[in-house]
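Please open the model in your viewer and keep the selection panel at hand. The stops below run from the whole chain to single side chains.

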Amino acid sequence: NPKISILRQLEGRARYDLLVISDGDVKVGPDFLSRTVAALQPGVGLVTCPYRGGGDSLGGTLETLTIAADFIPSVAVAYYLEGIRFALGAAMALPRRVLQDIGGFAPLADFLADDYQLGWRVAQAGYRVRLIPYAVETKNPSMTLKDYLLHQLRWTRTYRVCRPKGYLAYGITHALVYSLAILLATGLAPWAWGLAAATLILRGTLAGFSERRCLKGGLPIAAFALLPLKDLLAFGLWLASFLGRRVNWGGCSFRVTPEGKLAPQ
């Protein structure tokens, strides 16, 4: 895992007891450190943040819609049903002693989902993982459609390995695809048109609420017209995730083992 390789080298150069980890394309606000430090109360071993997309290219817009309409709602479901026992890798903070308690970064060296593993290991060590209502922004203005598809395929195969039962159940959430299938199966019946329209309205409302209200994003209203395309692509990616274990990361090709580790392709 190239990210963990970098973190292992940086760890020895850190001078303070609070370690803040973020991806290279993440933008935070001036109050980020004060908010994360305040959340590290007794018993909390790791603080993590939701994130929104950024970028006005086709791939960047689809990525932003995917985060708002799919990823954040799935995190919310996990939060309310079972609690957060994983981390979101865009921005995290944890005390150095907690990292030492779980063996440092070394055990994560070969895992694809390093953020999931980090949060899970912190939770297994008896600490709480806290998700705070502070959204950071990922900036990738040059993401093409191909970049988007490769990134999402990597994410879907990561999710499938980390949470296999939840990921299989995730298939029932592709409501637009099923409503369109019903529309065709009924010979374009009027009530089926109404079902498809209601599904589109519901999906748009959810995406808009998540992007604007929860993530404080600024995605233009016109961009939400791409939501049907995103949903159709998402269903195709969900199916494709079961057809192999190959992922691309940083220009390199890897195979994901059943344990979620990266192996040379």
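What does the accessible surface of the protein come to, and what percentage of it belongs to carbon and sulfur atoms? The accessible surface is about 13,600 Å², and 62% of it belongs to carbon and sulfur atoms, with areas taken from the Shrake-Rupley method with a 1.4 Å probe.

Before selecting anything, keep in mind that this is a predicted model, in which local features need pLDDT of at least 70 and side-chain atom pairs count only at pLDDT 80 or more, while totals for chains, interfaces and linings use all residues. Residues are numbered from 1 along each chain as its sequence is written, and side-chain values use heavy atoms, with hydrogens and water left out.

**The whole chain**

Show the cartoon, in which there are 10 helices and 10 strands; these are DSSP runs, numbered from the N terminus, with helices (H or I) of at least four residues and strands (E) of at least two. Along the principal axes, the C-alpha atoms fill a box of roughly 65 × 40 × 35 Å.

**First stop: Asp 23 and Lys 3**

Select Asp 23 and Lys 3, whose side chains meet in a salt bridge at 2.8 Å, N to O; the term stands for a side-chain nitrogen of Lys or Arg within 4 Å of a carboxyl oxygen of Asp or Glu. Asp 23 sits in the loop between strand E1 (18-22) and strand E2 (26-27), whereas Lys 3 belongs to helix H1 (residues 2-11), 20 residues apart. Asp 23 is partly exposed, with a relative accessible area of 27%, while Lys 3 counts as buried at 16%.

**Second stop: a network**

Next select Asp 70, Arg 203, Lys 230 and Asp 231, which are linked in a network of salt bridges. Begin with Arg 203 and Asp 70, which meet at 2.9 Å, N to O. Arg 203 lies in helix H9 (residues 190-214) and Asp 70 in helix H3 (residues 58-81), so this pair ties together parts that are 133 residues apart in sequence. Arg 203 is buried, with a relative accessible area of 10%, and Asp 70 is buried, also with 10%.

Then move to Asp 231 and Lys 230, whose side chains form a salt bridge at 2.9 Å, N to O. Asp 231 is buried at 6% relative accessible area, and Lys 230 is buried at 0%.

Note on methods. Buried < 20%, exposed > 50% of the residue type's maximum accessible area, 1.4 Å probe, protein only.
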